[in-house]
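Biologist: I would like a close look at a single part of this model. Please keep to what can be computed from the atoms.

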Amino acid sequence: SGDVDAAIKTLKGALDRPALSKQEIIEINHQIGAIAELAAPAEAIAAFERILAEDPANFFAAARLGHAYLAQSKVELGRRFYQQALSAGHPDAMIM
C-alpha cells in the first residue's frame with residue numbers, strides 16, 4: 001500500500017501544477033483512479049468524479065466509477081454511472 005500511496009501523492013502533486021490543460025487534468029486523474037482502484041477505492045472514486053466534473057461525457061471515467069461503486073456494493077450508484085457511460089455514445093459501450 002505504501003507504493004500506491006506514494007504514487008497517488010505524486011500524481012496529486014502533479015494536479016497542482018499551474019496551467020494544466022483540461023486533457024492533462026483528465027489524464028492524471030485516470031492514472032490516479034487506475035492505481036487506486038483496488039488498494040484505495042475512495043481515491044479511485046474521487047479521481048473518476050473529478051474527471052466527470054471536467055468531462056461529463058467521459059465514457060471510461062463513468063464506466064470505471066460504476067465498477068468502483070459496484071465493488072463497494074453500492075448498486076444504485078453503480079447502475080447510474082454505467083448508464084451514464086452507455087449514454088456517452090462511445091464505441092466501447094457495445095462491450096458493456
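Which helices do the buried residues of α3 pack against?

Modeller: The model is predicted, so local features need pLDDT of at least 70 and side-chain atom pairs count only at pLDDT 80 or more, while totals for chains, interfaces and linings use all residues. Residues are numbered from 1 along each chain as its sequence is written, and side-chain values use heavy atoms, with hydrogens and water left out.

The buried residues of α3 pack against α2 (22-39), α4 (59-71) and α5 (75-87); helices are DSSP runs of H or I, at least four residues, numbered from the N terminus. Buried in α3 are A44, I45, A47, F48, I51 and L52 (under 20% relative accessible area, with exposed over 50%, 1.4 Å probe, protein chains only). Because they cover an arc of only 165 degrees around the axis, they lie on the same side of α3; the arc is that of the directions from the helix axis to the C-beta atoms. A42 and A53, on the other side of α3, are exposed.

As for α2, its axis and that of α3 come within 7 Å and cross at roughly 160 degrees (lines fitted to C-alpha atoms over the stretch in contact, angles from 0 to 180 degrees between N-to-C directions). The two helices are therefore roughly antiparallel to each other, a label for angles over 145 degrees. Residues making this contact include I26, G33 and E37 of α2 and A44, F48 and I51 of α3, contact meaning heavy atoms within 4.5 Å.

G33, in helix α2, is buried, with a relative accessible area of 0%. Not counting residues up to four places away in sequence, G33 touches A44, A47, F48 and R64.

Key: Angles under 35 degrees count as roughly parallel, over 145 as roughly antiparallel, 65 to 115 as roughly perpendicular and the rest as oblique.
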